[in-house]
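Biologist: I am new to this structure. Could you take me through it?
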Amino acid sequence: MGRDVELGRVRNIGIMAHIDAGKTTTSERILFFTGRTHRIGEVHDGAATMDWMAEEQERGITITSAATVCYWEHNGRHRINVIDTPGHVDFTIEVERCLRVLDGAVAVFCAVGGVQPQSEAVWRQADRYHVPRVAFINKMDRVGADFESVLSQMESRLSANPAAVQFPIGSEDKFRGFVDLIENRALFFNAETLDTEAGEIPAEVAAEAAHYREVLIEKAADFDESLMETFLEGGEVSPALLREAIRKGCCALGLVPVFCGSAFKNKGIQRLLDGVIDFLPSPLDVTGPLVAPSEAFDRQEQGRGEVTEAEKYELKVGDDQPFSGLVFKLMSDPYVGQLNFVRIYSGKLSSGQTVYNTNKHRKERVGRLLRMHANKREDITEAFTGEIIAVLGLKNVVTGDTICDEGLNIVLESMAFPEPVINMSIEPETQDDVNRLGMALQKLSAEDPSFKVHTDKETGQSVIGGMGELHLDIIASRLKREFNVNAKIGRPQVAFRETITQSGENDCRFARQSGGRGQYGHVKITLSPGEPGSGITFESKIVGGVVPREYWAAVEKGIRSAAETGVLAGYPAVDIHVDLIDGSYHEVDSSEMAFQIAGSMAFKAGCKKCSPQLLEPVFDVEVVTPEVYIGDVIGDLNSRRGRIQELEPRKGVQAIRAVVPLSEMFGYATQLRSMTQGRASYSMQFKCYEPLPAALSEGLIERYGAKASS
């Protein structure tokens, strides 16, 4: 079995947006118009192909990313691997890991809502992974649709360079087509054929369309010298030349081609597919992924130094290269076991092949290879560069692991996983549930790196952590539905953190003699507040060998261990920089364990001297409400310790942007519905950790002290 299309005709794309902007509906129309499905599944009916989980169908939202393959005829046959991603902030990890392995993305914006908070979040994620994008302004037939406002918001909020390649003809209930600014012609929607037909540009939009075409040519000319010369000389710009310049700008992340339509009404999807082929890159058009030798990765994992930029190099892509792939997602399937989703970056993979996991230094045997269509599976015997497939049979892989030919010995850059911001206790209801609960939580945490499970050392309770109430609510629902586990879920608990506000130093000597060989470790450290989000950073400034180099890692290990439980209320300490500056050792009695204990004691005592404080997670919150309720909404946000950042008038409504502590947002959905008769909506996303007010801090510290002494 060979390739079905050549590598230059492959597109790996994700559909990303804010919740309710129409991602899944757009994905469903793409599947329908490419012939992948023969009926249109609707989200509101619970019948969308890509929303296959029972929880997704019940709630009408996307929870897990779903992958599929379709084909589109546009200047030849092209293969499009599509991943539909969630829009809710609680499932941001799904977007993160998908963007890591995609070559391009379609950003969907609501023509009414514009650039919403989660639109910004996923846009920043795409920036981080250097993913080229095209934009689709959806819901142009909705009341309040405003194409030009969305373009303006893309510039102001996303710092993007949007280039409209289409200009709508009419809007709201009068939306009947668009001007193709590349071909300079009008295309009108035909309700019978569900496609477009060409016509004359209507007089009422001719001037605006001409303006937008000139803007498009100006922006594209920055990326193509031939177009620049033609434009400056006043010559006629051919569609082919303009299209090629836009493609260069898009692939260079300098330009975002913008399309418009209404996915629900089957308007504009075929031309969006043409744009995916025309402007988004194939695996050959993007820079090969950066890799590093596995030895450099091992050194970093063992705390012996970071992987340097000089050690990283660009991987060569192509079917004729050695095999390499990244495991970016795990999923438990009740029928076939654990599915490992793999993006193949080079070479090809066959069922039965032996591969090497360079992160774990273990050989693995590939069982079956599957091409996924949401939750449906198609067996294949061979997969090639640029494909996204599911693999059965890999026993010891986790998200982010590299698998490759044994001789290649490389590690692909992995991805960052967010830390949980909310915790809940969980305990089985019956004895039968005890064993099943542990196994189920283990499987779920392997699937979802943003879902954490640990045991509270003081209470012995199992504690689950996630990205929000909805995230943990879905976990609880899946435990019952998929694993038949009945569990009691406790009240939400905010994941506080601790840090220091001043610099200081501490000297700690650990010495113990109990007959025979003793234990001796002596360290002197300085502590200082670190950059927000930096965690715990450590550096040794030892000179003269007063603490031998072989004990430095033990000191760091002790410091990181102590940081896990902080000094005020048992929460992890973060954003602290520690320097090891002095100490001493004993020729016979010193050991790694002794220096680890000394480092731990020095850190705990040192933090207490440096004015420690508690931090709480705060969220960016956007509330969209009719103007009549604006006073009530602002008053309620203020009562929740919220800080109003901005009021933005939109058609018929006001958007209120505020920063609010997570601990004050529990139950907000119900309260907002009550205040506004169900007419307002809100969204929130994690912003940062900020100091907890002293009055609230004291209560937490007192409770922790009482718990510790009992």
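Biologist: How many salt bridges does the structure hold?
Modeller: The structure holds 31 salt bridges, a salt bridge being a side-chain nitrogen of Lys or Arg within 4 Å of a carboxyl oxygen of Asp or Glu. This is a predicted model, in which local features need pLDDT of at least 70, side-chain atom pairs count only at pLDDT 80 or more, and totals for chains, interfaces and linings use all residues. Residues are numbered from 1 along each chain as its sequence is written, and side-chain values use heavy atoms, with hydrogens and water left out.
Biologist: Which residue forms a salt bridge with Lys 265?
Modeller: Asp 141 does, with the closest N and O atoms 3.3 Å apart. The pair links distant parts of the chain, 124 residues apart. Lys 265 is in the loop between strand S11 and helix H9, whereas Asp 141 is in the loop between strand S5 and helix H5. Helices (H or I, at least four residues) and strands (E, at least two) are DSSP runs, numbered from the N terminus.
Biologist: And where do Glu 505 and Lys 524 lie?
Modeller: Glu 505 lies in strand S31 and Lys 524 in strand S32, so their pair ties together parts that are 19 residues apart in sequence. Their salt bridge has its closest N and O atoms 3.3 Å apart.
Biologist: Changing topic, how many residues of the protein count as buried?
Modeller: Of the 710 residues, 54% count as buried, meaning under 20% relative accessible area (1.4 Å probe, protein chains only).
Biologist: How many helices and strands are there?
Modeller: The protein has 17 helices and 38 strands.

Conventions. Buried < 20%, exposed > 50% of the residue type's maximum accessible area, 1.4 Å probe, protein only.
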